[in-house]
Every structure is written in structure tokens, then in C-alpha cells.
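Student: I would like to learn how to read the features of a structure. Please take me through one.

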Amino acid sequence: MKLSFFSLLKIILEGKSSFRFLLGVIGSFSFSIAVILCTIGLMDGFESTLVKSLQRASGDLIIKGRDGFFHFDKKLKDLSQLELVKSITPIVQIEAFLISESVSRGVLVKGIDVDTFKQVTSLKVKLKNDEIVLGSEIAEKLNIKIGQEIVLTFASNSKKNQGSPILKSYKVSGFVNHGVYEKDLRFVYLDRKDLIELFNYTEDSANIALVKLPAYNNLDELKVFQHDLAFKISKDLKIETFWNEFRTLLDAVEIEKLSISMVLQLIVVVAIFNIVAFIIFISERKSQEFYLLRVLGLTIKSVINFWFTVLLAVWFVSCIISIGLTSIFNILLMNLSVFKLPGDIYVLSRLTIDLTLNDYLIVFGAALGWILLIGCVSILRMRSRTLLQGIRQEFS
Amino acid sequence: MSFIKVENIFKSFGTAQVLNGISFEIGQGEQVALQGMSGSGKSTLLYILGGLDTADSGEIEVDNKKIENLSDEKLATFRNQSVGFVFQFHFLLPSMNCIDNMLLPAKIGGCKTKEVKKRILDLAKRLGVDHCLEKYPFEISGGEQQRINIIRAISLKPKILLCDEPTGNLDSKNSQKVVDLLKEISAEHNTTLIVVTHGAAVASQFTRKITIEDGRIIG
């Protein structure tokens, strides 16, 4: 029978102060790891929620006319026959003012073909003639109810009436939630035929088309689809990914995530100093015990192995606790009103923590690296005093 | 034939020369008192013999093994299996009861504790500390603590028993008991006994005495 790890642990934890110190060390270390996990998780959550919401509202690819309007039937309708494309929907997009009870607001009117629009996006839009569906935020801001009449004011496209507005009233048939604050605040949906009729466009007019692709595994694969499709469409059309309009923001989040993670390593370093303090405290407080055990035949290698096992145990327990703390914070984030964000600033109105296995591996790996690095220095420091010096100092 | 052979040992700490060419031989089972004034180098010599420190130069052979050539791991095994230490301050771990304290060398050495425990129980009964086995060190007297310490030192039947002022912390009655006990155990198991002392009364009870002064043997 060997002197077990737990026998040694019992020796070093004898006394309330040692045990409390260890609890404090684990607490501070797990809290530090949780702070980093929460920060990275929030940024990932922001990124993934935004990407999902954009995809929900725009399909996978967006085709735009380089010169504005184009003939959808002539230029793009045949694309749906390709294996590369699952479905495609045309949109007429025009800017307008929405007036409700003498309050007006600028909106982006989207004339859609409801059937194909539903196939491409995940938005639930039901429209009949002279009906309109509003983004949820604009409805809330202007206090508009379903069934209420609102007026849209468009700029006239007729040379004869240039400068005079076109006013038309619509009945609100529903609200739609895009999950992106800006879209919820600006987008309204009409039947494309209504708009074509109102502006005397040709029947197949559109200035945007949304494309739904067959299943793909990641966004890089989607870019390959985009590239392939770009060769199959007319040169006067351009093709963009669904996240293109928020590309700069998403790039900024990526860079921010990296820099903040590096800065937050400082918190781990502070927690590591607690661990160093613990090692020094125990080494000083229990040096009689350690020197006696070495006199009785315990090798310095066993002592070092013991300390490394303690450090690994502290790291492991801290990682587990930090996962718990992160989950608790995520629950609070999703449920407490205090954590609701001003969507006009943050694009999304609520954030969630979204962590991938990679995030956990990077954060836990960095924490392990720190604990081993600084732990090594502290433990090797113990070797500087010889056994005889130790015995003389401790037993005299 | 000599069991311990010390040849021309030198040891210094910084500028202080503590051992200055020490040479002697001790036979197996011999009982020796290492005496000298405080600071004469007797304890340093004892610790070097026990593998707790190394000499700057010179040779030490114990049971035909040169201990200055042993690695840290082998020295630890040597301390565990071949040497028993008894200190003035009979240091017992406060987090363990007496029986666990006495079993420490066996546990560190990975020995079969069942056999060692039986031996420890016999010794405890013989030394009158069998009632202390489940007690913690702070619950027993100084004399009892020293006897527990001695049992721990001989629990693995070491070939050498090294004692550094074993009676320094005891009254005369208990001191005599401890000296008698150490001699008795040494004789019984043919264990080489080396006792460091600066007390003439203790040294006089040993047939062989080595006197050290300023790092040299003077008698």
C-alpha cells in the first residue's frame, strides 16, 4: 500500500484555514474562467443570433440588379430549375413613409410573392389585396393594432407628377419578427402585385431576388454556392450572401472577441496568483510535515507529483464550476428584464451565451497552460531548500 | 567487518567548514554515542550517514553500498528501508492518529501494512503505548509521543537507527527509559545504533564513543 494522494491531501488540508484557502482558490479560479466563457459566449451568441436572424429573413443569397430594377422572369426564374437552387423569390423594394394617426416614419416596403417568399425565408407573412404586414418594432413604436388602417406615402415615379407623393391606405393584417431590431423597425411587406400595379411596372419587375440553397454545412460552403451561381446569372446582377449587409459588424465582433479574450487572460493570471499564494502558504505551513515525510522516504518526485495532481484537480473542479456559473448567467440573461438590450444600439434586443466545444477547449486549455506554468515555477522553488536545511529549520 | 565505513569526509556550509576529514568504521549491531559540543558537526555527520545530505568530498559506505553515489530516488528508498530516525522533537503528524503515524514509513515504502501493523502492535504493547493507538498526538504525553516516534523509526526493521538528541526534551527518568529502550531494540535486532548527544551521562551508557570537535574526531 502506497501513501495515497488523499492521505497527503488530508495532511495539507488539516486545519480550517487551509481548507478555506483552497475553497477560495477554486472559487476565484472558476469565477475567472466563467468571466471569459461568458464574454466569448456573449460575442458568439451575438454573432450566431444575428446570422440566424438574417438568414431567417433573407434566405441564403441575395441577388440585386446593378442598375436597380430587372426582369425577374427573363433573368432569374429559370434558376429555380438548377440543382444549385432550391427556391427563388422576387422582391420589389421601395422606400416610403408610413403614416399612422398623424405620426410618420420612414420604412422600406417590400413587395413579395407570398408563396415563394415563404419557401425562401422562415418569416410567416400572410397577405391579401391592400393588406400590409409590419415589422414588430414599428408596430410597437407607433402603437398599431391588427386590422388598423395605415397610409403609405411613396414618391411618384411619373415624370409628369414628379415631386408629388402617392398615398395609399392599407389594412394591417399582421406583424413579423425578424429577430433583428433594424429590420423589425423598418420593414413592411405588401403583395408585389399591389406595388407593380401602383407604379405601373411590368409584371415581372423586381429589384431584389432571394435565393434558398440546398442544405449546406457551413458558411464557407455557402460561399462556394455563391461563387458557382455568380457564373450562371447575368452580368448586370450581383449576388451577395445573406450576412453581407452586417459583414463589417460581424468582422468587428470577431476581432473584438479575440482581443477581449486576450485581455481577459489577466483575470486568470490574477486567479493564478491565488494558487501560487496557496502553494506557498501550504508549503510554509506544512513544511514540517513535508520534510518529515521526505525523511521517512518520500521522494521529491512524489511531492511534485502530488502538487501537480492538486493543481490539475483545482483546474478540473474550477472548469466544472465555471460551466455551471456560465449556465446560471445565461438563464439570468434570458429571463431578467435588466438584461434586455436597447436594440437600436445593439441590433439584437436580447443576447444569449452560445459556446462551442472549441470555445471551451481554448479557454480551459489557456487556464491549464497558466496553472501549469506558474505552478511549475512555484513548485520548483521548493527544491531550492535542501532536505537538511529544511529539517534544521523546521525541527530545531 | 565494518558495516559503516566513513572515509575522509569534508562538509562546509558557505565559508564554515563543519566536517574536516572525518574517518571511522562501525560494525553491524554496534552501539555508538556521537558526542561533542554544540556546533561541533555531530548532527551534520549523522544526517550525512542517514542520506539526508551529501558530503562535499569523501566516501561513505553502508552495508557495502556507497551512498554518495545514490540518486534522489534511491536515497529516499535507503532512508525508508535501511534507516530509522529518532529526533529530539518527536514529530508526529497532528492530522493522523498514532497508529497511522507509525504506519507512515510502511505506506511511503509501499510495504504490506498488515505485517508491519502486527509488528507495531507488538512493539506498542511492549513499550506500554498500546492504549494510544487510536489517539491523536496532542492527546498523549511527551514520553508516550517519543515512544511512538521510536516505534515508527523501527517499524520497517532498519539496519541503522540514527538518533539526534533523543532525550533532549525529556526528564531524567524518561531519558533513561528511552536510552535503555534504544539499546534493547538495537541488541535484539542487531541494529546499528548511533546516538548523537552532548550529554556526558547519556554518552557514558554506550560502550563506544566518538567525540567530535570542530569537525574532527578527537576521541
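Student: At what angle do the axes of helix α2 and helix α9 of chain A cross?

Tutor: First, the ground rules. This is a predicted model, in which local features need pLDDT of at least 70, side-chain atom pairs count only at pLDDT 80 or more, and totals for chains, interfaces and linings use all residues. Residues are numbered from 1 along each chain as its sequence is written, chains are lettered from A and ligands numbered from 1 in the order in which they are written, and side-chain values use heavy atoms, with hydrogens and water left out. Helices (H or I, at least four residues) and strands (E, at least two) are DSSP runs, numbered from the N terminus. Axes are lines fitted to C-alpha atoms, for helices over the stretch in contact, and angles run from 0 to 180 degrees between N-to-C directions. Here the axes of α2(A) (residues 16-58) and α9(A) (residues 247-285) cross at roughly 175° and come within 9 Å. That makes α2(A) roughly antiparallel to α9(A), a label for angles over 145 degrees.

Student: How is a sheet read, and what is the strand order in chain B?

Tutor: Strands of a sheet pair through backbone hydrogen bonds, either parallel or antiparallel. Two strands count as paired if DSSP finds at least two bridges between them. In chain B, four strands form an open sheet in the order β2-β1-β4-β5, with antiparallel pairing. β2(B) (16-27) and β5(B) (65-66) stand at the edges with a single partner strand each, so one side of each has no neighbour in the sheet. Helix α1(B) (residues 42-49) packs on the sheet and touches β1, β2 and β4 (57-62) of chain B, where touching, or contact, means heavy atoms within 4.5 Å.

Student: How many bridges join β1(B) to β2(B)?

Tutor: Nine bridges join them, and I4(B) has I26(B) as its bridge partner in β2(B). β1(B) also pairs with β4(B), over five bridges; there E7(B) is partnered by E59(B). Two bridges join β4(B) to β5(B), with V62(B) opposite K65(B). In the hairpin of these two strands, D63(B) takes a positive phi near 50°.

Student: What is the area buried between chain B and chain A?

Tutor: Buried area is the accessible area (1.4 Å probe) that two parts lose on being put together, summed over both. For chains B and A it is about 2600 Å², of which carbon and sulfur atoms give 68%. F91(B), K107(B) and I108(B) supply 24% of the area that chain B buries against chain A, more than any other three residues.

Definitions and conventions
Parallel < 35°, antiparallel > 145°, perpendicular 65-115°, else oblique.
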